[in-house]
Amino acid sequence: MFEMASHGSRDPGQPRPASPALVLLRTAIWGLSVTICLGIAMLWILMPTNTYRKRWLPSIRRKAGTSTFFGIQGSNLLMFMFPLLFVTCLSCIYLHLSSGRAEKTRKESSEKKGARKYPKPLKRPVLVNGPLGIVTATELAFLVMFVVLLIWSLSMYLRNSFAAITPQQAAELGGTKNETKLWLAGLYLGLVGNIGLAFLFFPVTRGSSLLAFFGLTSESSIKYHIWLGHMVMAIFTVHGLCYIVFWIITHQISKTMEWANTGISNVAGEIALVAGLGLWSTTFPRVRRKMFELFFYAHHLYILFMLFFVLHVGISYACIMLPGFYLFLVDRYLRFLQSRSSARLVSARVLPCDAVELNFAKAPGLKYGPMSMMLVKLPAISKLEWHPFTISSDSSLEQDQLSIVVKKEGSWSGKLCEMFSPSSIGRLEVAVEGPYGPASTDFLQHEKLVMVSGGSGITPFISIIRGFIHMSAVHNTSTPQLILVCSFKNSRDLSMLDLLLPMANSQIDLSNLRLKIEAYVTREIVSSAEHLGKYRTVCFSPNQSDEPLSPVLGPNSWLWLGAIISASFAMFLVIIGILTRYYIYPVDHNKNKFSTSSAKEASQIKHLEGSTPSYSPGSRVSSMERELESRPHQLLADVTNLNFGERPDLMRILLGCKESSVGVLVCGPKKMRHEVAALCSLGQASNLHFETISFSW
C-alpha cells in the first residue's frame with residue numbers, strides 16, 4: 001500500500017551506497033524481529049500446557065493486574081498484542097532503510113552474469129491439482145506445521161481437562177461426566193479456532209509491513225486467508241454445535257438466549273456464528289465465480305462477526321486475536337482516506353476486443369513494482385463495489401501516468417466498456433485504492449524468462465515487459481531473453497498485444513530488447529491480424545476536484561506507517577485503561593471478569609497527501625481511429641509469431657529451454673496454471689523456476 005517515493009534529486013540509477021553502520025542496523029533489526037516472532041510462535045505452542053496455564057499465566061496476570069490499570073487483559077496485551085505491533089513497527093524501519101537498495105540490487109544482478117540464482121527446491125510446486133491449488137514446498141511445510149499446532153493445542157486442552165473432571169464440576173454444569181466432556185470439547189474448540197482467527201487478517205492487510213518484511217504481498221497471500229477462513233469457520237461451527245447439543249441433552253436449551261453482562265455471552269456468540277456462516281457460504285469457488293456481487297457484499301458480514309465475537313468472549317480474551325484485526329483496521333482506514341478523492345483520469349485506449357486501458361495521472365514520486373494491482377470504484381456503475389485490477393504500466397517508463405486494463409468479463413466491466421461507445425465522455429469519476437504489490441521483483445537473476453498467459457491473463461506481463469523496455473532503452477541494462485506465450489480465443493483479442501507499448505511510444509527503442517512473442521488463436525483457423533494496431537483513444541476533460549495518484553502517506557511512507565501504528569496503539573491503551581479503571585471494575589469489583597462492552601477505536605489518523613505533478617490532460621474530448629505503423633510497433637510485429645487453430649505445446653516450450661536458470665510465470669485459466677506448475681515440478685525441469693502470480697481484472 002505504501003510505496004516508497006524517491007528522495008531528493010539523486011539519479012535512481014545511482015543508489016546511495018550503504019554504509020557499514022546502516023547494514024549493521026538493518027541486520028540487527030531483522031534479527032530482533034525474527035527472534036520476537038519465534039518467541040510468539042513458542043508462546044502459541046506452550047499455551048495449552050499446564051506449565052503455561054497453571055504456573056506462568058497466573059504469575060503474569062498477578063503482576064500485570066496489580067502493577068497497571070489494564071486489569072486482567074493487561075497480560076494478554078503484554079504477551080500477544082504488544083510484541084506483534086512492536087515487530088510491525090520494526091519492520092517499517094527496516095523497509096525504510098532498505099527502500100533505496102532495490103535499484104542497486106537490480107544493477108548488481110545484471111552486472112554479475114555469472115552469479116545467477118538457481119531455483120530453490122523449497123520454492124518448487126509440490127501440490128498442483130488438489131483443492132489447495134498450487135502449493136510450494138515451503139507453503140506446504142508451514143501449512144502442515146500450523147495444522148499440527150491446532151491438533152496439538154486441542155489434544156493437550158482435552159487431555160488435561162478430561163483428566164481433571166470431578167463429579168462436582170459435572171453437577172455444576174448440569175450433566176454427567178461424558179456430557180461434561182462434550183461441553184469441554186466445545187470450549188476448547190473455541191480456543192483452537194481463536195488461533196486461526198489471530199492470523200486470519202494478516203494476509204488481507206494490503207499495506208502490511210509484516211508481509212513486505214517477509215517478502216510477501218497481500219495478493220500472493222490471499223490463498224492463506226482462504227485456508228485460514230475455512231479452518232476457522234469449520235472449527236467455530238463444531239464449537240457451536242457442541243454447545244447446542246449439550247444444552248439439548250441436558251434440558252438447558254434456555255441458555256441459548258442468555259446474554260451475560262460479564263463473562264461469556266451466548267447470544268452474542270450465536271449472532272457471530274450466524275454472520276460467519278453467511279459469509280462462509282459465499283466463499284466457495286463456484287458461488288464466488290458465478291455471483292461475485294453476492295460474495296462481495298456478504299464479505300462485509302465480517303464486521304458483525306468480529307463485533308459480536310468480542311462481545312461473546314470479552315475484551316480480555318479478544319486481545320489474543322486482536323493484533324491482526326487491529327492492523328487491518330488501521331490499513332482499512334488509510335485506504336478510506338485515499339479513496340475519498342476522485343482520481344484524475346487522463347485518457348483511455350479502447351480496443352476491438354472489448355477491453356479498455358485506463359490511464360491515470362500520477363505523481364512522479366509514486367513508485368510500484370511489476371505485477372502490482374489497485375482497487376477501482378466507479379460511482380456511475382456502483383457506489384459500493386470495488387474491483388481489483390492489475391497495473392499494466394511501469395512507474396519508471398511512465399513517470400506521469402499509471403494504467404490498468406479492464407476486459408469485459410462480467411456485468412460491472414461490461415457496463416464500463418459500454419460507456420466507451422462512439423459517444424464522447426467528458427469526465428469519468430473514479431476512486432482508487434493502491435497501488436499494492438511487491439516492492440521489487442528480481443527477474444534479472446534468470447537467463448531466460450518465459451511468460452505464459454491465457455486471455456486477459458496477459459495483463460501482468462505487460463508491466464513486466466514495459467519494465468524491461470525501460471531498462472534496456474534508458475539504462476542500457478542487459479536483460480534476460482523474454483518469451484511471451486499468449487493464448488486467445490479469437491483474432492480480435494490479438495489487439496491486447498498493442499498494450500505492450502505505452503501510448504506515448506514514439507521515442508521507445510526496442511532494439512536492445514530480446515523479446516519473442518508466440519501468440520495462439522485457438523478458435524480460428526484462418527489467419528487474420530487485421531485488429532492489430534487499431535484502437536480508439538479517448539481523452540478526458542480535466543476537473544479541478546480530480547487529483548493525481550500519489551503515495552497516501554507521502555515520502556517516507558514506511559516511517560509514517562510505523563508512527564501511525566505506534567500512536568494509535570498508545571491511544572488504544574489509554575482508552576482500554578480508562579474503561580478498565582473507571583467503568584469495568586466499578587460495575588463488578590468482586591469477579592475477575594470483564595464486561596462484554598468493548599471500547600471503540602478512537603484514534604484519529606492524519607492523512608498526508610503526496611505531491612501533485614503539474615501534468616494535466618487536454619481540455620478536449622477526442623475519439624479517433626488509429627492504425628499505427630510506428631517503428632516500435634513494427635519492431636513488435638517483427639518478433640511476433642501468430643499461430644491459428646492450435647494451442648501452445650507447453651511441454652515442448654518449457655522443457656526445450658536449456659538455459660541454466662529459466663524463470664517461468666503463468667497467468668490464466670486454472671487448467672493452464674496447473675499444467676505449467678506440473679511441468680516445472682518434474683525432475684528433468686530442474687532449471688525451471690516457477691513463480692506464482694496473482695492476477696486481478
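**Figure 1. Helices α1 and α3 of the predicted model, roughly antiparallel to each other.** In this predicted model, the axes of helix α1, which covers residues 20-46, and helix α3, which covers residues 73-98, come within 10 Å and cross at roughly 155 degrees. Angles over 145 degrees count as roughly antiparallel, and α1 and α3 are therefore described in that way. The crossing of α1 and α3 is left-handed. From α1, the residues that meet α3 include Leu-22, Leu-25, Ile-29, Trp-30, Ile-36, Ile-40 and Trp-44, while the residues that α3 brings to the contact include Phe-80, Pro-83, Leu-84, Phe-86, Leu-90, Ile-93 and Leu-97. Sorted by class, the residues of the contact of α1 with α3 are 20 nonpolar, two polar and one charged.

**Figure 2. The crossing of helices α5 and α7.** Helix α5 spans residues 137-163 and helix α7 spans residues 177-200, and their axes come within 10 Å while crossing at roughly 150 degrees. That angle makes α5 roughly antiparallel to α7. Is the crossing of α5 and α7 left-handed or right-handed? The crossing of these two helices is right-handed. On the α5 side, the residues that meet α7 include Phe-146, Leu-149, Leu-150, Tyr-157 and Phe-162, and on the α7 side the partners include Lys-181, Leu-184, Tyr-188, Val-192, Ile-195 and Phe-199. The contact of α5 with α7 has 15 nonpolar residues, together with three polar and one charged.

**Figure 3. Phe-246, a buried residue of helix α9.** Phe-246 lies in helix α9, which runs over residues 222-249. Phe-246 has a relative accessible area of 1%, and a residue counts as buried when this value is under 20%, so Phe-246 is buried. Which residues does Phe-246 touch, not counting those up to four places away in sequence? Phe-246 touches Leu-173, Glu-179, Thr-180, Leu-182, Trp-183 and Gln-252.

Figure 4. Most residues other than glycine have a negative phi. Asp-354 is found in the loop between strands β4 (345-351) and β5 (355-361), and Asp-354 is partly exposed, with a relative accessible area of 33%. With a relative accessible area of 15%, Met-371 is buried.

**Figure 5. The cis peptide bond from Gly-434 to Pro-435.** Most peptide bonds are trans. The bond from Gly-434 to Pro-435 is cis, with omega near 10 degrees. Pro-435 is found in strand β9, which consists of residues 431-436.

**Figure 6. Thr-522, a buried residue in a loop.** The place of Thr-522 is in the loop between β12 (515-521) and β13 (534-539). Although Thr-522 belongs to a loop, Thr-522 counts as buried, at 19% relative accessibility. When the neighbours within four places in sequence are left aside, the contacts of Thr-522 are with Phe-488, Lys-489, Gly-645, Glu-646 and Arg-647.

**Figure 7. The buried residues of helix α20 and what covers them.** Helix α20 covers residues 670-680, and within this helix Met-672, His-674, Val-676, Ala-677, Leu-679 and Cys-680 are buried. What covers the buried residues of α20? The cover includes the strands β1 (125-127), β10 (448-454), β11 (481-488), β17 (662-667) and β18 (688-691), as well as helix α19 (650-655).

Figure 8. The mean pLDDT of the protein is 81, and 82% of its residues reach 70 or more.

Terms used
Residues are numbered from 1 along each chain as its sequence is written. This is a predicted model: local features need pLDDT of at least 70, side-chain atom pairs count only at pLDDT 80 or more; totals for chains, interfaces and linings use all residues. Side-chain values use heavy atoms; hydrogens and water are left out. pLDDT is the predictor's confidence in each residue, from 0 to 100. Axes are lines fitted to C-alpha atoms, for helices over the stretch in contact, and angles run from 0 to 180 degrees between N-to-C directions. Helices (H or I, at least four residues) and strands (E, at least two) are DSSP runs, numbered from the N terminus. Angles under 35 degrees count as roughly parallel, over 145 as roughly antiparallel, 65 to 115 as roughly perpendicular and the rest as oblique. A crossing is left-handed if the near helix is turned anticlockwise from the far one by less than a right angle, and right-handed if clockwise. Contact means heavy atoms within 4.5 Å. Ala, Val, Leu, Ile, Met, Phe, Trp, Tyr, Cys and Pro count as nonpolar, Asp, Glu, Lys and Arg as charged, and the others, Gly among them, as polar. Buried means under 20% relative accessible area, exposed over 50%, partly exposed in between (1.4 Å probe, protein chains only).
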